[in-house]
Amino acid sequence: MIKEDIDRAASLMLASDYVVGLTGAGISVESGIRPFRGPGGLWTEYGEPPMDGYQRFLADPKRHWEQISRKDGYLGELYKALEGAKPHPAHYALAELEELGVLKYLITQNVDNLHRAAGSKKVAEIHGNFFRMRCIQCNSRYEQEEISLESIPPLCPKCAGIIKTDGVMFGEPIPLDVLEVCQREVGNSDCILSVGTSAFVYPAAGFPKQVKRNGGVLIEIGPYETELTALCDISIRGKAGKVLPQLVDSVKFKL
Ligand SMILES: [Zn+2]
């Protein structure tokens, strides 16, 4: 039964003009990254970070950087989990779909860099990337090794604005440039492949609904039913690491 759904999903993707992927925490969990909420969640153990994290950062950026260098509490656990994580077959499958020309763009809510590590190139990280840094004034992104932490907070080499980690904090607006890319790609899309996301956190949760409203196709892969399931043309229950490689095989067979 799942095999038939996977074949149908492959056909629908190949019949579409512009397939966009959307991924969420579910795909990271399969790489051993602890979820934030729920049983075994980082926040369940350490408490939720303050909802005004960004405002606190703006009030005292130096303190934020001191916390990061100490790597204590949940932040330390998060670093440990992210630093040890490696892409799994679902990440590689999405990179291969891009290489085949079937997937035009990938929007991820994950901050773990695993899509890039797997080889995906057209990626919009809507909640940022935990391993990169960003100037809050000009939005320039930097790799960690490009920015010295000898004096904190570090300042942007281009505009001398304050630099923070790229991961979007509570209370922080999603950087406009990323949001614009997402809106452009979702606007172009006539098929969304949603993987491992509960479709709960906006704005990403609105993207599949928008494509559906525009007459597009919605395919969902994940272990649980979500708010999207009822809207889906095809909804496949299973682990992304198992289902996506089969989907790639089916796409390649039909190409
Ligand atoms: Zn700057």
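1. Ground rules. Since this is a predicted model, local features need pLDDT of at least 70 and side-chain atom pairs count only at pLDDT 80 or more, while totals for chains, interfaces and linings use all residues. Residues are numbered from 1 along each chain as its sequence is written, and side-chain values use heavy atoms, with hydrogens and water left out.

2. Overall picture. The chain has eleven helices and nine strands; helices (H or I, at least four residues) and strands (E, at least two) are DSSP runs, numbered from the N terminus. The C-alpha atoms fill a box of roughly 55 × 40 × 30 Å along the principal axes. The radius of gyration is 19 Å, which agrees with the value near 18 Å that a compact globule of 255 residues would have; that rule is 2.2 Å times the number of residues to the power 0.38, and the radius is taken over C-alpha atoms.

3. Of the 255 residues, 51% are buried, where buried means under 20% relative accessible area, exposed over 50%, and partly exposed in between (1.4 Å probe, protein chains only). Among contacts (heavy atoms within 4.5 Å) with a separation of 6 or more, 67% come from residues 24 or more positions apart.

4. The zinc site. The SG atoms of Cys135, Cys138, Cys156 and Cys159 coordinate the zinc ion at 2.3 to 2.4 Å. Donors here are N, O and S atoms within 2.8 Å of the metal (3.2 Å for Na, K and Ca), and water is not among the atoms, so sites may look incomplete. For reference, the ideal angle for four tetrahedral donors is 109.5 degrees.

5. Where the donors sit. Their sequence spacing is C-x2-C-x17-C-x2-C. Cysteine 138, in the loop between β4 (132-135) and β5 (141-143), and cysteine 159, in the loop between β5 and β6 (163-165), are 21 residues apart and link distant parts of the chain. Cysteine 138 is partly exposed because its relative accessibility is 34%; cysteine 159, at 27%, is partly exposed too.

6. Three strands form an open sheet in the order β5-β4-β6, with antiparallel pairing; strands pair if DSSP finds at least two bridges between them. β5 and β6 are at the edges with a single partner strand each, so one side of each lacks a neighbour in the sheet. On average, neighbouring strands are turned by 35 degrees against each other, direction ignored. Helix α5 (residues 61-70) packs on this sheet, touching β4 and β6, and its direction makes about 40 degrees with that of β6; axes are lines fitted to C-alpha atoms, for helices over the stretch in contact, with angles from 0 to 180 degrees between N-to-C directions.

7. Pairings along β4. β4 pairs with β6 over three bridges, and cysteine 135 has isoleucine 163 as its bridge partner there. Methionine 133 stands opposite threonine 165 in β6. Three bridges also join β4 to β5, with arginine 134 partnered by arginine 141. Arg132 and Arg134 point one way from β4, Met133 and Cys135 the other, and all are buried. In the β4-β5 hairpin, asparagine 139 takes a positive phi near 70 degrees.
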